[in-house]
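Subject: Structure handover

Hi,

Here is the structure for you to look over. My notes on it follow below.

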Amino acid sequence: MKKPAPKIIEFDTGRLQELMRRAEQRTFEQQDYATTRRVFEAYLYLLELVDNKSTTIGRLRKLLFGANTEKTADVVSRETVDQAPSPPASSSATALQSAAEKKPPKKPGHGRNGANCYAGASRVKIRHASLQPGDLCPKCGTGTAYLMGPGVLVRFIGQPPLMATIYELEKLRCNLCGEIFTAQPPAQAGAEKYDASAVSIIAMLRYGLGFPFNRLDRMQQDLEIPLPASTQWEIVSAAYDSFTPVYEELIRQAAQGELLHHDDTNVKILELMGHGAKQQAFDESHEENDADRVDPQRKGLFTSGVVALSGEQRIALFFSGRRHAGENLVEVLRQRASGLPPPIQMCDALSRNMPRELKTIVANCLAHGRRQFVEVNERFPAECRYVLEALEEVYRNDATAGKEKLSAEERLLFHQTHSGPVMEELRTWLKRQFDERLVEPNSGLGAAINYLRKHWAKLTLFLRVAGAPLDNNLCERALKKAIMHRKNSLFYKTQNGADVGDLYMSLIHTCELNGVNPVDYLTELLRHADAVACDPAAWLPWAYREQLVPTTD
């Protein structure tokens, strides 16, 4: 099993000198032993990395200082490329390339939002104190005042994430018979202590933004409206059954999609882990970002992300447990209608993503192949620049197709015309590196070239099948929700807790992908739970507003 990276600790020069002084005087404090142990663990970890022949300076820098952007302009050196071969380029795409390289004009407003952007804000109409439409102009005395567009003022206020209202109901008691008479609460008080909107806000903070229960507990306590972490869990878990019909309907509709992205990442579920692993989960905040590093033994735990495109809708699904992404995709596709053609399956080239039961048109992620050249760019700058700039043109063409809002068939023809020659020249170049022995096959560059050649057909499916994407970035962005939750909350305690988290993440991210307010959506589902249970298809994020009864002012 791979040794986890040690926890990063902040250690300035002053603290180091103070620690050395106490060591020389043999006056170590209790916390000094733990600090010294962590320093030595980090030192041994770095020694192991340096001793590993597959660890490059770039990868070591990434581990120590974090990853930089992988944009081609930042990866390759534009100034020192005299020895580099010219990147392949199609003559028909030259005009498009020169136009795309021009920087778009800076948008006015410097990021400010207009009043129309605040759809969730409450609006208050203020009438003029002395004038009405049709009155004479008080300045000239001749003209007539008429109604025009209102002036707008936007004011922000701060408040706790969850507010509480205390209704003090007047009580009277008869001094003779002892009967007590209590005032009736107003209608807005509701029948439940926790309104549906409270459930939605807690779920959004925890599963949409990675805000742990105990952190919200501390914040609410500081703002004098306490809401314990245990109570927060009781609130969101109690609403689980009300959301289940919609979640199951999302799975059914995702199975009918034309394109399904999927990938997975690590997760910690204490109920399914051994004692040693549980203790590590408590003590450390170590996390593995790369799903490719999962232990091949079935002891692993995964959160799988499946993003399905069905017509104009996008559906995000999350599944946590023992099954990996390929097996979870099989479970989803079991609900696919028998008469539908095979969908496009976008994933990386890991074998676990391809169970035998899948009957799909497989596309592999071009970004995974590209990333291997990014990682060895410092050792092979000329060769990597050639590949990266070739792929840069392909991505530029795809961005142009998206900007022009081309249909799937038009996009396919566009790529065949403009990206096809580029990829064919790149394929010839890759083959020549091995045929003419220009590259050592066992080197990092050789491995990157071999990856592209081995999976070429699946990496270039976008040149043959309408609607095939270039990469799996849509699913990787979705998995950032699970990674963010793991970084902040570290683990789930039970499988039930993971199931609750999967449901909320699925509903929230599906709303975000379709431009729907997640808090409003979850709130309305709870307020109309009976109708949702009867017809969940009518209450999906893109359709639920049609079911709401319009209110009159």
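Strands S4 and S5 pair in the antiparallel sense, over 9 bridges. Keep in mind throughout that this is a predicted model. One of the pairings joins Phe302 to Gly321, its bridge partner in S5. The hairpin has 2 residues between the strands, and Gly311 takes a positive phi there, near 65°. S5 is largely enclosed by the rest of the structure, because 7 of its 9 residues are buried.

**Helix H11 and its cover**

Next, helix H11, residues 325-333. This helix is mostly covered, with 7 of its 9 residues buried. The buried set is Ala325, Gly326, Asn328, Leu329, Val330, Val332 and Leu333. What lies over them?

Asn364 sits in strand S7, which spans residues 361-364. Is Asn364 buried or exposed? Asn364 is buried: its relative accessible area is 3%, and the cut-off for buried is under 20%. Which residues does Asn364 contact, leaving aside neighbours within four places in sequence? They are Met346, Cys347, Asp348, Ala349, His455, Lys458, Leu459 and Leu470.

Helix H12 covers residues 366-375. Of its 10 residues, 7 are buried, so H12 is largely enclosed by the rest of the structure. Those buried in H12 are Leu366, Ala367, His368, Gly369, Arg370, Phe373 and Val374.

**The H6/H19 crossing**

Last, a helix pair. Helix H6 (residues 196-208) and helix H19 (residues 495-513) have axes that come within 9 Å. The axes cross at roughly 95°. That angle falls in the 65 to 115 degree range, so H6 is roughly perpendicular to H19. On the H6 side, the contact is made by Val199, Ala203, Met204, Tyr207 and Gly208. H19 contributes Val500, Gly501, Tyr504, Met505, Ile508 and Glu512. How do the residues of this contact divide by type? There are 8 nonpolar, 2 polar and 1 charged.

Best wishes

Definitions and conventions
Residues are numbered from 1 along each chain as its sequence is written. This is a predicted model: local features need pLDDT of at least 70, side-chain atom pairs count only at pLDDT 80 or more; totals for chains, interfaces and linings use all residues. Side-chain values use heavy atoms; hydrogens and water are left out. Axes are lines fitted to C-alpha atoms, for helices over the stretch in contact, and angles run from 0 to 180 degrees between N-to-C directions. Helices (H or I, at least four residues) and strands (E, at least two) are DSSP runs, numbered from the N terminus. Angles under 35 degrees count as roughly parallel, over 145 as roughly antiparallel, 65 to 115 as roughly perpendicular and the rest as oblique. Contact means heavy atoms within 4.5 Å. Ala, Val, Leu, Ile, Met, Phe, Trp, Tyr, Cys and Pro count as nonpolar, Asp, Glu, Lys and Arg as charged, and the others, Gly among them, as polar. Buried means under 20% relative accessible area, exposed over 50%, partly exposed in between (1.4 Å probe, protein chains only). Two strands pair if DSSP finds at least two bridges between them.
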